[in-house]
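Please read it alongside the sequence and the coordinates.

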Amino acid sequence: MDNFTPISALIGGILCGLSAICFFYFNGKTLGISGILEGFIPPFSPWISERIAVIAGLLTGGALLRIFYPAAFDFQVEASFTHIIIAGVLIGLGARLAGGCTSGHGLCGVGRLSPKSLVATVFFFTTGMLTATLFYLFR
Amino acid sequence: MIALQQLLIKLRFASSFYSGGHEMKRLISAFVCGCLFALGLGISQMTRPPKVIGFLNVGSKEWDPSLLFVMVSAITVYLLGYYKVIPSHLREVYQNKIAPSEAIQLRTIVGAIFFGLGWGLLGLCPGPAITDLVSGKIEIPVVIAAMLAGMLPVKYYDSSNKFRKENAKIRR
């Protein structure tokens, strides 16, 4: 467990939780990134300007990370384009079928104790762990 | 063309829902929350696929529970905030608004499985992927385009269903 970074994980998690609950308080919605993305696909969903603001915020946060914590982007994508495209399509398709992703269901939904989100998150994690484990086992 | 008309209608409705003062507050809050969320993802390194796969790959000799810590701490903050800080009438309003969509359907489970498949293969979900756009790595826009492509059929299906239902109400 050499890569285990408990402190930064806790700090990051607390920040994510705080931002999500603030979003609920001020904007009256869950901070579900897949839902926000879906809004940009025509027919455009309501609150387009709000969605743009969230995306702009994410990108600004990314820019700040790039300046102050570039280790956040310290990785190489070794998989082929085919691989990442298939994975991306599955993520987009799955997230909208389920009505949310790990931020919408996994964080906000579970935080609200929503049964639907709990079910979705259980399946996110078990399937995700099975997939990753088997993939790297047989690679 | 229809999409543009719908966009204009939606924007007009949006601004008639809330007074001008509220609108600015919501936009600023949305921006700040997005920014803090990205910072949280970056600090915990959820923006790095190897970190995520380090947890999802339970067969790894260097198994890394960091993602679990991120989720548990984030959920704990949200849970406490939702039930201890958020006023109960706001919870009620929200619950009433989304109650129809809270039913657990087959598509919920099927969707979650598809998501898990993609997540386990990639090690990124939409939030970190968007944050990673500023890294300059060429694969990230490809991933996001793929995610949007995956969302397309569901969006089309859901909005045409909604359109049909609304039309049926008007005609009656």
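This is a predicted model: local features need pLDDT of at least 70, side-chain atom pairs count only at pLDDT 80 or more; totals for chains, interfaces and linings use all residues.

Chain A contains six helices and zero strands, which gives the pattern α-α-α-α-α-α when read along the sequence. Its C-alpha atoms fill a box of roughly 45 × 35 × 30 Å along the principal axes, and 56% of its 139 residues count as buried. Of the contacts in chain A between residues at least 6 apart in sequence, 35% join residues at least 24 apart. Chain A exposes about 5700 Å², with carbon and sulfur atoms supplying 73% of that area. The chain carries 7 positive and 5 negative side chains, and the centres of these two sets lie 13 Å apart.

At the interface, 109 residues of chain B are in contact with 107 residues of chain A. The two chains bury about 10200 Å² between them, 76% of it on carbon and sulfur atoms. On the chain B side, Phe37(B), Tyr78(B) and Lys155(B) lose the most area to chain A, together 8% of what that side buries.

Over all chains the count comes to six salt bridges, and two salt bridges are counted between chain B and chain A.

| Pair | N to O distance |
|---|---|
| Glu50(A) and Arg26(B) | 3.2 Å |
| Arg112(A) and Glu102(B) | 3.6 Å |
| Asp158(B) and Arg107(B) | 2.9 Å |

Arg112(A) lies in the loop between α5 (102-111) and α6 (115-138) of chain A, while Glu102(B) lies in the loop between α5 (88-98) and α6 (106-122) of chain B, so this pair joins two chains. Arg112(A) counts as buried because its relative accessibility is 7%, and Glu102(B), at 18%, also counts as buried.

Elsewhere, salt bridges that share partners join Lys29(A), Glu50(A) and Arg26(B) into one network.

Methods. Residues are numbered from 1 along each chain as its sequence is written. Chains are lettered from A and ligands numbered from 1 in the order in which they are written. Side-chain values use heavy atoms; hydrogens and water are left out. Helices (H or I, at least four residues) and strands (E, at least two) are DSSP runs, numbered from the N terminus. Buried means under 20% relative accessible area, exposed over 50%, partly exposed in between (1.4 Å probe, protein chains only). Contact means heavy atoms within 4.5 Å. Accessible areas come from the Shrake-Rupley method with a 1.4 Å probe; for residues, only the protein chains shown count as cover. Lys and Arg count as positive and Asp and Glu as negative; His and the chain ends are not counted. The place of a charge is taken as NZ of Lys, CZ of Arg, CG of Asp or CD of Glu. Buried area is the accessible area (1.4 Å probe) that two parts lose on being put together, summed over both. A salt bridge is a side-chain nitrogen of Lys or Arg within 4 Å of a carboxyl oxygen of Asp or Glu.
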